Amino acid sequence: EGVDEGDTAKTDGTYLYVLKDKSDQIAIIDTRDNRMKQTATITVEDVSEIQEMYLDIERNQLIAVCDGYVGGKWNDDDYDRENPKEVGRVSQSGYYNSSRIADGYLYLFSDYYVTLDGITAKNPKSYIPLVNDNLIKETDICLPSISKADMYSIITSVSLENPNETAHSKALLADGGNLYVS
């Protein structure tokens, strides 16, 4: 309870927000008057595909989770959804794993694999994950005592009030696992 999971289709009761087959576009569809009319298409630039989305009605935001985070915002006047605008973008290293929204924060989970090829002591970017193109701080990396690990689980929180910056990031060096959000 209180934890939202992303999906490929959302509704606010009047409009549908649907991930298109191309996977880098979201269609906004007006369902008023017993008809279905596409009012806009949001195209997310510079990503391979949109994984899932969230609808934050309270803040008038549509959140697309792809290689990072993108927030789309529409105008408040009479449910105008024809000109959505990007209001924020954050990114982190690794392959998308999952995401959740709880208590006004988007939580992003990715898996970042460290390969022995190219690791050098003089280049921390070769073995430490990045959030918004910055190395995760030493104090935010957890190194449990395990015999072997080749990947980080990266967790980043983004306030829905400030969608252009991260609130917190942690990296756990491990060999993978599941997640549970409450």
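Two strands pair if DSSP finds at least two bridges between them. Strands themselves are DSSP runs (E, at least two residues), as helices are (H or I, at least four), and both are numbered from the N terminus. The model in these views is predicted: local features need pLDDT of at least 70, side-chain atom pairs count only at pLDDT 80 or more, and totals for chains, interfaces and linings use all residues. Residues are numbered from 1 along each chain as its sequence is written, and side-chain values use heavy atoms, with hydrogens and water left out.

**View 1. Four strands form an open sheet with the order 2-3-4-5.** The pairing in this sheet is antiparallel. Strand 2 (9-11) and strand 5 are the edge strands; each has a single partner, so one side of each is left without a neighbour in the sheet. From one strand to the next the twist averages 20 degrees, where axes are lines fitted to C-alpha atoms (for helices, over the stretch in contact) and angles run from 0 to 180 degrees between N-to-C directions.

**View 2. Strand 4 and strand 5 run antiparallel and are joined by six bridges.** Look for Ile 28, which stands opposite Ala 40 in strand 5. As background, strands of a sheet pair through backbone hydrogen bonds.

**View 3. The largest nonpolar core has 14 residues.** Such a core is a set of buried Ala, Val, Leu, Ile, Met, Phe, Trp, Tyr and Cys residues joined through side-chain atoms within 4.5 Å. Buried means under 20% relative accessible area, exposed over 50%, and partly exposed in between (1.4 Å probe, protein chains only). Tyr 17, Ile 26, Ile 50 and Leu 62 have the most contacts inside this core. Strand 3 (15-19), strand 4 (25-30), strand 5 (37-43), strand 6 (52-56) and strand 7 (61-65) each supply at least two of its residues, and strand 3 gives the most, with three. Apart from it lies another core, of nine residues, including Tyr 54 and Leu 160.

**View 4. Arg 59 sits in the loop between strand 6 and strand 7.** Is Arg 59 buried or exposed? Arg 59 counts as buried because its relative accessibility is 19%. Its side chain and that of Glu 161 are joined by a polar contact of 2.8 Å. A polar contact is a pair of N or O atoms within 3.5 Å; within protein, one must be able to donate a hydrogen and the other to accept it, and residues adjacent in sequence count only if both atoms are side-chain atoms.
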